[in-house]
Amino acid sequence: MARDEVAALAPMVSAAAADGDTDALAILEQAARELALMASALRDAPGLPADETVTLSWSGGVLTREATVRDQLGRRLEMGGFRMAEPMHPPGCGAAL
């Protein structure tokens, strides 16, 4: 499946999760795990000290609309030495940099 095809499924997965569908909830939990793993890998790359708390912001439709993923990601990041911060500007500002 192409990325846009997968993205088109997100609203259906979110709706199913909101209705308590365990498979949909598992998909959202896995999304949070994968995002946390990416953040951890990026943290390790520049060799930041393990005891240093790193502030990390987020963007994207899933994190903007899906509190389950955002909240679980935040918990996972906090355990990994991150502090999650809400975006200060809309995504277009970052794209312009």
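Buried means under 20% relative accessible area. By that cut-off, buried residues account for 21% of the 97 residues in the protein chain. The model is a predicted one.

The protein chain contains 5 helices and 2 strands. Along the sequence, these elements follow the pattern α-α-β-α-α-β-α. Taken along the principal axes, the C-alpha atoms of the protein chain fill a box of roughly 40 × 30 × 25 Å.

Helix packing was examined next. Two packed helices are described by the angle between their axes and the distance between the axes. Helix H1 spans residues 3-18, and helix H2 spans residues 22-44. The axes of H1 and H2 come within 7 Å. Their crossing angle is roughly 120°. Angles of 65 to 115 degrees count as roughly perpendicular, and those over 145 as roughly antiparallel. H1 and H2 are therefore oblique to each other. The crossing of these two helices is left-handed.

H2 also packs with helix H4, which covers residues 67-79. Here the angle is about 40°, and the axes lie 8 Å apart. This makes H2 oblique to H4. Angles have to be under 35 degrees to count as roughly parallel. H2 passes H4 in a right-handed crossing.

The surface carries a nonpolar patch of about 430 Å². Met1, Val6, Leu9 and Met12 make this patch. Val6 is placed in H1, and Met12 is also found in H1. Val6 counts as partly exposed because its relative accessibility is 45%. Met12 has a relative accessible area of 53%, so Met12 is exposed. The cut-off for exposed is over 50%. Met12 and Trp58 are 46 residues apart along the chain. Their C-alpha atoms are separated by 22 Å.

Individual positions in the other elements were then considered. Ile27 sits in H2. At 48% relative accessibility, Ile27 counts as partly exposed. In sequence, Ile27 and Glu5 are 22 residues apart. In space, the C-alpha to C-alpha distance between Ile27 and Glu5 is 16 Å.

Leu77 belongs to H4. Its relative accessibility is 2%, so Leu77 counts as buried. Leu77 and Val13 are 64 residues apart along the chain. The C-alpha atoms of this pair are separated by 23 Å.

Strand E2 comprises residues 82-85 and includes Ala85. Ala85 counts as partly exposed because its relative accessibility is 26%. The separation of Ala85 and Val69 is 16 residues in sequence. From C-alpha to C-alpha, Ala85 and Val69 are 15 Å apart in space.

In summary, H2 is oblique both to H1 and to H4. Leu77 in H4 is buried at 2%. Met12 in H1 is exposed at 53%. Val6, Ile27 and Ala85 are partly exposed.

Terms used: Residues are numbered from 1 along each chain as its sequence is written. This is a predicted model: local features need pLDDT of at least 70, side-chain atom pairs count only at pLDDT 80 or more; totals for chains, interfaces and linings use all residues. Side-chain values use heavy atoms; hydrogens and water are left out. Patches are made of residues with over 30% relative accessible area and no salt bridge: like charges are joined within 9 Å, nonpolar side chains (Val, Leu, Ile, Met, Phe, Trp, Tyr) within 5 Å. Accessible areas come from the Shrake-Rupley method with a 1.4 Å probe; for residues, only the protein chains shown count as cover. A salt bridge is a side-chain nitrogen of Lys or Arg within 4 Å of a carboxyl oxygen of Asp or Glu. Helices (H or I, at least four residues) and strands (E, at least two) are DSSP runs, numbered from the N terminus. Buried means under 20% relative accessible area, exposed over 50%, partly exposed in between (1.4 Å probe, protein chains only). Axes are lines fitted to C-alpha atoms, for helices over the stretch in contact, and angles run from 0 to 180 degrees between N-to-C directions. A crossing is left-handed if the near helix is turned anticlockwise from the far one by less than a right angle, and right-handed if clockwise.
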